[in-house]
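This report describes one protein chain for a reader who has not seen it before. The sequence and the structure come first.

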Amino acid sequence: MSEAIPCMWMRGGTSKGGFFLASDLPAETEARDAFLLRAMGSPDPRQIDGMGGADPLTSKVAVVSKSDRPGVDVDYLFLQVFVDQAIVTDSQNCGNMLAGVGPFAIERGLVPATGEQTRVAIFMVNTGQVAVATCETPGGVPAYEGTAAIDGVPGTAAPVPLEFRDTAGSSCGALLPTGNAADMIEGVSCTLIDNGMPCVVFKAKDVGATGYEDRDVLDNWTSLKARIEAIRLKAGPMMNLGDVKDKSVPKMMLVAPPAQGGAVTVRSFIPHRAHATIGVLGAVSVATACLVKGSPAADVAKIPDGSTKTLSVEHPTGEMSCVLTLDEKGQVATAALLRTARKLMDGTIFA
């Protein structure tokens, strides 16, 4: 008989996947991962025998549990289920799936609604950081309909503002793990940075691109992808990530001058496929790189004045605005973004 486990399928930001209570999944990691691979239908390019959508953005899992940490409501473990490989990895956060964690926690009774809005403090297990999601809860239940719009998602939905704190160096040990604004790798000037997501940021033109290509062009550009992967493999150890051949980090960020009035244009590889948009924490790391003097991103970006800076990060299907506040030393203290989420299905998944 197939194994059956309760699951809620949700869209979080520009991603979607399965949301599980930790207590419902096998406690042993190997058994848990085997179940999730079967549930998603991996490894298979189409994921035809599972719930995955044949794309890294739709082959994701959030594991949520009540937290016993002071000032924290729930713990959130993000798992990336590879599409065409039998790999489940916890080597990164996902800020898009994070948008669904608050509503899911309220739906499952882990967090009581507190009025028209409910703030949910979320410990991101992958990196040991805390984010706060503000969820719309009229009548004591999560609302998914609303007027907030985010690029990469059709229509509108209820807003889910996310506030991040102390994300610098969450995976690599330091905001700039090499201590440099730029390092030369494979003849390309790169910023190795981690403000919630380990990223390698470099000018698109330095690898022969413009930075304005669409996703299909980038995904079919074999020689470009090979060059980017060569940079990534060398950057991994420099970022304290070790051998990254089978890891989903670091993400690769090609930057160019803004084309639509924003701060910077980005084309993101996650890491082997071009992203249809850009990840939430990837956007935070790129926006932060724009503020690092001497970095490739700073060379092409247009930065607003003031200690609170709203940087519009342009991507293939629109933009994502990051609101960064600086401390007295000019360092990024907090980052906030607007996301939305929607419950798609609640039931039992079989694997």
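## Asn-126 and its surroundings

Not counting residues up to four places away in sequence, Asn-126 touches Tyr-76, Leu-77, Phe-78, Asp-90, Gln-92 and Asn-93, where contact means heavy atoms within 4.5 Å. Asn-126 sits in the loop that joins strand 6 (117-124) to strand 7 (129-136). With a relative accessible area of 18%, Asn-126 is buried; buried stands for under 20% relative accessible area, exposed for over 50%, and partly exposed for what lies in between (1.4 Å probe, protein chains only). From Asn-126 to Ala-168 the C-alpha distance is 14 Å, and the two are 42 residues apart in sequence.

## How the model is treated

The model is predicted: local features need pLDDT of at least 70 and side-chain atom pairs count only at pLDDT 80 or more, while totals for chains, interfaces and linings use all residues. Residues are numbered from 1 along each chain as its sequence is written, and side-chain values use heavy atoms, with hydrogens and water left out.

## Ser-170

Ser-170 belongs to the loop between strand 8 (159-165) and strand 9 (183-185). Its relative accessibility is 14%, so Ser-170 counts as buried. Apart from neighbours within four places in sequence, Ser-170 is in contact with Thr-127, Gln-129, Asp-194 and Gly-196.

## The chain as a whole

Six helices and 16 strands make up the secondary structure listed for the protein chain; these are DSSP runs numbered from the N terminus, with helices (H or I) of at least four residues and strands (E) of at least two. The radius of gyration is 19 Å, close to the 20 Å from the globule rule for 351 residues, so the chain is as compact as a globular protein of that length. That radius is taken over C-alpha atoms, and the rule is 2.2 Å times the number of residues to the power 0.38. The C-alpha trace spans about 55 × 45 × 35 Å along its principal axes.

Of the 351 residues, 55% are buried. Among contacts with a separation of 6 or more, 62% are between residues 24 or more positions apart.

## Nonpolar cores

In soluble globular proteins, nonpolar side chains tend to be buried together. A nonpolar core here is a set of buried Ala, Val, Leu, Ile, Met, Phe, Trp, Tyr and Cys residues joined through side-chain atoms within 4.5 Å. The largest has 83 residues, and those touching the most other members are Val-74, Tyr-76, Phe-164, Val-200, Val-201, Phe-202 and Val-264. A second, separate core has 18 residues, including Phe-35, Val-61, Leu-77 and Leu-79.
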